[in-house]
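Dear colleague,

Please find below the structure I promised to pass on to you, together with its sequence. My notes on what was found in it follow directly after.

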Amino acid sequence: MNLKKIFIFMMVGICLFQLPVANAKNNSAKNIQTKITTEKIEKSMINSIRFSKASDKVRVVFDINADTKYDVKQQPNGDIMVDFSEPINKQYLSGINVNDDTVPFLEVYSDDKTSCVVIKVTDNSAFDMGELNNPRRLYIDVQKDYEYSITKKLEPGLTQISYYSKKSGVKQHAQLVEVSPKYFKFVPVLGGGDKMAKNTVSAMSDYVNAAVAENASYFGSGKDLYGVTKIAGDLVSSMYLTRTGFGVLADGTPYIGDVSYSGIVQSKNGDVYVSGLNGTRTSDSVMLYNQYYGKSTGTDNSGIEYVVKDNKIVKINSGNSLLRPGEIVVSATGNGKNILSGLNVGDDLVVNQILNTPWDSATDILGAGPRLVKNGQVDITSSIEQIGPDVTGARAPRTAVGILKNGNVLFAVLDGRQAHSKGMMLDEFARFLIGMEVVDAVNFDGGGSSELVIGGKIVNSPSDGMERPVATALTAVRR
């Protein structure tokens, strides 16, 4: 017996093992001890297998007899195994080339009593099956492309949308929540609650008992938070670049737009420009610190630090100043230190932090970027905002927040880098959001950070396989 015959014998054995109806027929045949002639086999065998290809599916059709029994199962690798209680015409034993990206080939195995057809499927596609009559036929439809959403109203003002698609073999899965400002307020949350730190989105959701939460800002090592952040009217972090942010204006309206920050410190010795707020102080910079940074500035003694309250110096340190509510610390090194040196406790030191309109009067801001959608059109501003290739360069998990035509806010998280969801490029993600009726949208941090929490439970599949500690979250809190 050659190797090919041994292989066919083994495959038929595997198929028979999965087909109890076929085995039952074989046992019955042994009990009756009826001699099956070649003529009877040919009359009861499956004589025709054919297929057709369409844009949305591949259909495989088997002409079967009135008493044909079969069993259809999808294997873990996506292949569809069809076991028959009858043999298949020998002309098909070499297999059938379908030459389709979803179903490239049909493998056929048969002996004189039963048979098995393996429909090779490349991407674990779903399938439908059924019978047609006159004559009796079994059909199996392997789905190629699909796109659908499942919508679930969770409570007044809160609707969950689960999105699924497969296009050209690429699967995508996203979880979204539509939130009404009438019932919910939008609250930025820091990883440390009231302090800059890193924590999971689910932990930040728990801080404020949020109905919904998703990851937001970009971040670096330590406490570094990239983007303008404002919480309940207080500035928490800055960005030297103008980038897109999401926030809430003074009248409570959700808003997406460009956010720019500038700062200047005025003294009798002269004015100095601010390098940033609650960031890492370098050898030649003027950094501002407030209570959101932590217990103290954590700086060394190479600079000079003025503790300011109501625009007057209340204490002077060389480094690591304590941070208290209502106070701000001006920490200077290099040229800034030289200009400000000689000031004393009680002297005026006026700190001005300026945001562009309308953000100057906003209560809350989360800056990230780039913009994805403006006025219902794709508008990717990654080049203008100097967003790097780590964000723009490949299909990846994505997080965004958008404003819908009806004024509601859409939290959106797309899975990626996994079998069930490839992830999207920024322009793909923008078009997807427009399809969800978004008129304005901003991109948040993505990749392994992308996470959506509803009612304290994670509803997407983070690509790290677990929650990644992040710097901030955008939450929806019941009014």
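The second largest cavity is lined by G227, V228, M239, L241, R243, T244, G245, V259, G367 and A368, where a cavity is a set of points, on a 1 Å grid over the protein atoms alone, at which a 1.4 Å probe fits but cannot get out, and lining residues have an atom within 4 Å of a point. Its volume is about 30 Å³, a volume being the space filled by probe spheres set on the points, with grid points joined across faces, edges and corners. Strand 19 (residues 243–248) gives the most to this lining, with three residues; strands (E, at least two residues) and helices (H or I, at least four) are DSSP runs numbered from the N terminus. By class the lining has five nonpolar, four polar and one charged residues, with Ala, Val, Leu, Ile, Met, Phe, Trp, Tyr, Cys and Pro counted as nonpolar, Asp, Glu, Lys and Arg as charged, and the others, Gly among them, as polar.

Please keep in mind that this is a predicted model, in which local features need pLDDT of at least 70 and side-chain atom pairs count only at pLDDT 80 or more, while totals for chains, interfaces and linings use all residues. Residues are numbered from 1 along each chain as its sequence is written, and side-chain values use heavy atoms, with hydrogens and water left out.

Turning to helix 4 (residues 201–208), the buried residues are V201, S202, A203, M204 and S205, buried meaning under 20% relative accessible area with a 1.4 Å probe and protein chains only. These buried residues pack against strand 13 (184–190), strand 14 (212–215), strand 35 (452–454) and strand 37 (472–478), and just after helix 4, N209 takes a positive phi of about 55°.

E327 lies in the loop between strand 26 (312–317) and strand 27 (328–332) and is buried, with a relative accessible area of 17%. Leaving aside residues up to four places away in sequence, E327 touches Y289, N290, V307, V308, K309 and V314, contact meaning heavy atoms within 4.5 Å.

With kind regards

Key:
Buried < 20%, exposed > 50% of the residue type's maximum accessible area, 1.4 Å probe, protein only. 1 Å grid on protein atoms, 1.4 Å probe; cavity = no way out; pocket = protein on both sides within 12 Å on 5 of 7 lines; lining within 4 Å.
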